[in-house]
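Open the structure in your viewer and keep the selection tool at hand. Each stop below says what to select and what is there.

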Amino acid sequence: MKVLLADDDQTSLRLTERIVAKWGYQTITANDGRQALDLMDQPSVPRIAILDWNMPEIDGLEVTRRIKKDKSLPFTYIIILTGNTRQDNMVQAFEAGIDDYIAKPFNPDELRARLAVANRFVEYDNTITQQAELLTRYAGEMHQLADERAQQLIHADRMATLGTMSAGIAHEINNPNAFISGNIQTIDRFWDVIHKTIQDALDKPQSNSEQLRFILNEMPNAIEGISDGVSRIAGIVKGLKAYARQDQATLKPIDINDCILHALRIAKPSTKNKVNIQTDLHPSLPQFNGNAQQIEQVIINLTVNAAQAMKITSNPMLTITTDMDQNNQIKITTADNGPGMPPDVVDKIFNPFFTTKPPGQGTGLGLSISQGIIHDHGGKIDVESHQNTGTTFTIQLPALVPETVQ
Ligand SMILES: Nc1ncnc2c1ncn2[C@@H]1O[C@H](COP(=O)(O)OP(=O)(O)OP(=O)(O)O)[C@@H](O)[C@H]1O
Ligand SMILES: [Mg+2]
């Protein structure tokens with residue numbers, strides 16, 4: 001253990017140094033307060049200092065104050081040597097930061113005992129510092145581990161979504177594929193007859209006419225079946241392309257009310273005579289940065305979903321409103337008075353391929369794509385649904401504040 005000794009009285013400094021060194025401590029000496037402070041600035045700093053109180057310029061108490069204030073120094077145990085141990089004096093010394101004091105002239109046994117205490121203190125401090133470092137390292141490792149686990153979970157979640165998607169895609173494509181191949185088999189069977197009939201017709205007219213009539217009737221169905229299957233597959237692929245949305249659309253300032261009115265015109269064939277659509281559009285909304293086609297796609301999805309959900313609702317109504325909230329967000333709500341959804345369905349509606357429609361009737365991609373589009377626009381989409389009361393979707397999109405309009 002390194003001990004710093006500071007005293008302007010050379011004789012007593014040498015004497016103290018000799019006895020302290022004899023007890024096995026490594027010593028360094030300073031003749032005044034300034035030198036003592038300079039000696040604290042070295043790679044292996046002394047951890048115990050025995051300072052004479054009275055030294056010229058910077059006295060022992062001031063050295064103590066500066067050492068204790070310096071946050072770059074490790075804990076230093078300071079013993080002050082004083083000829084005046086009056087109570088008020090010692091209060092001042094402890095307030096300056098000393099850890100102990102010895103009255104001059106001192107008894108070497110007492111100094112040895114007090115140095116042993118100092119030694120113990122420094123060792124405790126070393127242990128605590130090491131443990132604190134260890135804890136900080138553990139905390140860092142735990143943090144890193146938590147980050148890694150979070151990444152793994154996100155990855156697992158992605159894989160699960162991918163799994164669900166793949167299962168959904170397989171199911172969706174299998175279905176139209178089944179009737180394409182069914183119809184191809186039919187055409188194949190028909191072809192034998194057609195082939196033979198054409199051949200016969202060439203040889204002896206009017207043979208096989210019954211079969212030919214049957215084929216004439218059935219053939220368009222088979223072809224229609226194939227073309228239906230093909231267009232369903234095309235629809236699924238189109239949905240997936242929209243889902244992947246790699247083509248980053250360019251955004252420009254657009255008007256939400258125009259989008260809604262346009263979307264409603266497009267959705268009309270699926271909604272007219274089925275649902276009464278009311279609009280309550282705020283007349284002076286700011287624009288927002290967006291892709292009009294994509295936002296229209298979202299409105300169409302919500303409108304068509306509502307119309308489909310309200311198939312057996314008496315007086316089906318869908319109200320679409322636009323408004324502005326305090327946080328500079330454009331708010332769009334679509335509220336229907338349809339059957340609503342149970343909570344376990346609500347939890348899943350934004351998942352890709354989640355649908356409650358019979359096989360072949362819905363891809364379950366509509367809301368998942370819509371949510372993706374809204375998120376891409378920096379907005380959010382929420383749903384509130386109560387069974388037998390209806391469903392309300394709320395979309396928020398960040399409005400363009402005047403200075404951001406280009
Ligand atoms: N307004 C609504 N009222 C009740 N249920 C709804 C409503 N909108 C959506 N849903 C439920 O959410 C499910 C998922 O909707 P989503 O649009 O993602 O797929 P889908 O409509 O089933 O299929 P697709 O959009 O391909 O026709 C629907 O199957 C339906 O159960
Ligand atoms: Mg839908």
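Helices (H or I, at least four residues) and strands (E, at least two) are DSSP runs, numbered from the N terminus. This is a predicted model, in which local features need pLDDT of at least 70 and side-chain atom pairs count only at pLDDT 80 or more, while totals for chains, interfaces and linings use all residues. Residues are numbered from 1 along each chain as its sequence is written, and chains are lettered from A and ligands numbered from 1 in the order in which they are written.

**Stop 1: the ligand**

Now colour the shell by residue class.

**Stop 2: the mixed sheet**

Strands of a sheet pair through backbone hydrogen bonds, either parallel or antiparallel. Here two strands pair if DSSP finds at least two bridges between them. Select S7, S9, S10, S12 and S11: in that order they form an open sheet of 5 strands with mixed pairing. Its edge strands, each pairing on one side only, are S7 (276–281) and S11 (380–386). Neighbouring strands of this sheet are turned by 15 degrees against each other on average, direction ignored.

Zoom in on S9 (317–324) and S10 (329–336), which pair in the antiparallel sense over 7 bridges. Leucine 318 has aspartate 336 in S10 as its bridge partner. Touching means contact, with C-beta atoms, placed from the backbone, within 7 Å. Axes are lines fitted to C-alpha atoms, for helices over the stretch in contact, and angles run from 0 to 180 degrees between N-to-C directions.

Move to S11 and S12, an antiparallel pair with 7 bridges. Glutamate 384 stands opposite threonine 392 in S12. The hairpin of these strands has 3 residues between them, and there asparagine 388 takes a positive phi near 70 degrees.

**Stop 3: the parallel sheet**

Select S2, S1, S3, S4 and S5, the strand order of an open sheet of 5 strands with parallel pairing. S2 (26–30) and S5 (100–103) are the edge strands, each pairing on one side only. The twist averages 20 degrees from one strand to the next. S3 (48–52) and S4 (77–82) pair in the parallel sense over 5 bridges, and leucine 51 has isoleucine 80 in S4 as its bridge partner. Helix H3 (60–69) packs on this sheet, touching S1 (2–6), S3 and S4, and its direction makes about 150 degrees with that of S3.

**Stop 4: an open helix**

Select H4 (87–96). A residue is buried if 20 or more other C-beta atoms lie within 10 Å of its own, exposed if 12 or fewer, and partly exposed in between, with C-beta atoms placed from the backbone. Of the 10 residues of H4, the number buried is 1, so this helix lies largely in the open. Glycine 97 follows H4 and has a positive phi, near 120 degrees.

**Last stop: the chain**

Zoom out. The chain has 10 helices and 12 strands, and buried residues make up 25% of its 406 residues.

Key
Contact = placed C-beta atoms within 7 Å.
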